[in-house]
Amino acid sequence: MRILGIDPGLQTTGFGVVDADGHALRYVASGTISTRHLGTGNNLPARLKVLFDGIAEITARYQPDASAVEIIFVNVNPQSTLLLGQARGACVTALVTNNLSVAEYTALQMKKAVAGHGQAAKAQVQEMVRRLLDLPGLPGADAADALGIAITHAQVGRSMARLAEAAEASKSSAALPAGTYRQGRSR
């Protein structure tokens, strides 16, 4: 399975593509999408378009089977959180527009999956990504986070697939007789 990981940011969005075959991981590509060339000022729509188009281009080039995006955390500055959320929304929209499933993981989940603990520093994440993917050098911080998100999905995805299979098997073996199910409330 080819997985595209995304670390969203308004000025720099990291991406990482890995192939997962069982427990084996293989590096495909990584990098960043930058909106810094747009300068400062009130150009949010232009930045969002660059992010959307960049994700669409990466999706077309690498043809991933699935994607995973880092969930943002709430900053001290609410305005920064809102802007980052819009950047993340542009990335997710580009992914679903290209018919990709989107999994979501927090930075804590990614750090635990990649480095073994949720308080790992950026340098530790970079080093562990380098080791896990047998890279010749350290990836950039944003690309490393995106590769970490893809690695997390490769690891968690296997477990989730097994759980879904088990749940499906238990559903089919414990089917309710006709007329005994009453519609409940949905979220």
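Is Arg130 buried or partly exposed? Arg130 has a relative accessible area of 24%, so it counts as partly exposed, where buried means under 20% relative accessible area, exposed means over 50%, and partly exposed lies in between, with a 1.4 Å probe and protein chains only. The structure is a predicted model, in which local features need pLDDT of at least 70 and side-chain atom pairs count only at pLDDT 80 or more, while totals for chains, interfaces and linings use all residues. Residues are numbered from 1 along each chain as its sequence is written, and side-chain values use heavy atoms, with hydrogens and water left out.

Arg130 is also a place to begin with charged pairs. Glu127 forms a salt bridge with Arg130, their closest N and O atoms being 2.7 Å apart; a salt bridge here is a side-chain nitrogen of Lys or Arg within 4 Å of a carboxyl oxygen of Asp or Glu. Both residues lie in helix H4 (residues 122-132), 3 residues apart, which is about one turn of the helix. Helices (H or I, at least four residues) and strands (E, at least two) are DSSP runs, numbered from the N terminus. Glu127 also meets Arg131 in a salt bridge (2.8 Å, N to O), and these two are 4 residues apart in helix H4, about one helical turn. Glu127 is partly exposed at 23%, whereas Arg131 is exposed at 55%.

By this rule the count comes to 8 salt bridges, and another of them joins the side chains of Asp19 and Arg2 (2.7 Å, N to O). Because Asp19 lies in strand E2 (residues 12-21) and Arg2 in strand E1, this pair ties together parts that are 17 residues apart in sequence. Asp19 has 16% relative accessibility and so counts as buried.

We turn now to a site that comes from a record. UniProt, in an unreviewed entry, places the feature "binding site" at Asp7 and Asp142; such annotations may be inferred rather than shown by experiment. The two span 136 residues in sequence, yet no two of their C-alpha atoms are more than 6.5 Å apart, so they gather at one spot.

Asp7 lies in strand E1 (residues 2-7) and, at 8% relative accessibility, counts as buried. Asp142 is found in helix H5 (residues 141-173) and, at 26%, counts as partly exposed. Leaving aside neighbours within four places in sequence, Asp7 is in contact (heavy atoms within 4.5 Å) with residues including Thr12, Gly14 and Asp142, while Asp142 touches Asp7, Thr12, Gly14 and Thr32.
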